[in-house]
Amino acid sequence: AQAQPAKLDIAASNTWWGQVPIMVAIDKGFFKDQGIDTELKNIGASGDRVAALTAGSVAFSNLGRIAAIVEMARGNKSFYFFANVDDSPGNEGCYARPGFTDFKSLVGRKVAANTSAQITMNGLLENAGMREKDIQFVNLPGPEMAAALAKGDVDAACVWEPLFTNVRNATPGGKVLGLDSDTPNFKKFGTMASPDIMIISRKLVDEKPDLAAKLAKALFNGVAYTNAHPEESAALIAHYFGKPPAEVLAAMTVSLPSLAGLAPTE
């Protein structure tokens, strides 16, 4: 009898363009080619994705590295980190409500951010000669920022695309305070503030290394296909984001994965 595919789901999100190559690998059948049945579990917060992997409900994830570092500092040994499949500076930034023109005008005011966007926020604060203590920092999930800014619950929000566009559209007439490509980190390293990383179940790798290798191969085939066929990829996975393929393609021109040269193709 033919062996049943291994069920190895991923915790990801439709709130970051960097998930595109993973979605491509799923919808192109690259995981199935390796004998793996993969479903994308849409989990918005990076910390919740780590929790899902730790609980065993998913086998791997693409998430903000700050969440992974926090878990490592807590002694969580349930995962390995093994890859970065996107690096897209300029796709994350801070935006203020009308009446605020720069970070100096936000002294003592509420500014929302989390994970990588908090690093971007701190870099932009540094540019203004300020520190996080000079504002009221609000740790807010990305999908909640547009509504919070529109209602005036916060005075500025720092987040990544496509949520950054949502924030600007929700509060017309505001001010872009800067992007991660304006921060000292970018000027020093030429990379986005905090690129996402792939993590994988330690138990899976230790007990079934051949299967883990097949998972990685399928993933990087998705990376290679995305780089080689951006238009087809955008059309294929636009349904995950609920956006027109043209909008996804436009975002991918600055969000394409960074490791195509390392991707296996067979």
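This is a predicted model: local features need pLDDT of at least 70, side-chain atom pairs count only at pLDDT 80 or more; totals for chains, interfaces and linings use all residues.
Colleague: Phe31 and Phe60: buried or exposed?
Modeller: Both Phe31 and Phe60 are buried. Buried means under 20% relative accessible area, exposed means over 50%, and partly exposed is in between (1.4 Å probe, protein chains only).

Colleague: How many aromatic pairs does the structure hold?
Modeller: There are 3 aromatic pairs. Rings of Phe, Tyr and Trp (its six-membered ring) pair if their centres lie within 6.5 Å; planes under 30 degrees apart are stacked, over 60 edge-to-face, the rest tilted. Take Trp17 and Phe241: the ring centres are 4.7 Å apart and the planes sit at 45°, so this pair is tilted.

Colleague: Where in the chain are Trp17 and Phe241?
Modeller: Trp17 is in the loop between β2 and α1, and Phe241 is in helix α11, 224 residues apart. Helices (H or I, at least four residues) and strands (E, at least two) are DSSP runs, numbered from the N terminus. Trp17 is buried, at 3% relative accessible area. Phe241 is buried too, at 9%.

Colleague: And how do the rings of Phe31 and Phe60 sit?
Modeller: Their centres are 5.8 Å apart and their planes at 50°, so that pair is tilted. Phe31 lies in helix α2 and Phe60 in strand β5, so the pair ties together parts 29 residues apart in sequence.

Colleague: New topic. In what order do the strands of the open sheet run?
Modeller: The 5 strands go β9-β8-β10-β7-β11, with mixed pairing. Strands pair if DSSP finds at least two bridges between them. At the edges are β9 and β11, each pairing on one side only.

Colleague: How many bridges join β8 to β9?
Modeller: There are 4, and those two strands run parallel.

Colleague: Last one. At what angle do α10 and α11 pack?
Modeller: About 115°, with the axes 5 Å apart. Axes are lines fitted to C-alpha atoms, for helices over the stretch in contact, and angles run from 0 to 180 degrees between N-to-C directions.

Colleague: Which residues of α10 and α11 make the contact?
Modeller: Tyr225, Thr226, Asn227 and Ala228 of α10 meet Pro230, Glu232 and Ser233 of α11. Contact means heavy atoms within 4.5 Å.

How values were computed: Residues are numbered from 1 along each chain as its sequence is written. Side-chain values use heavy atoms; hydrogens and water are left out.
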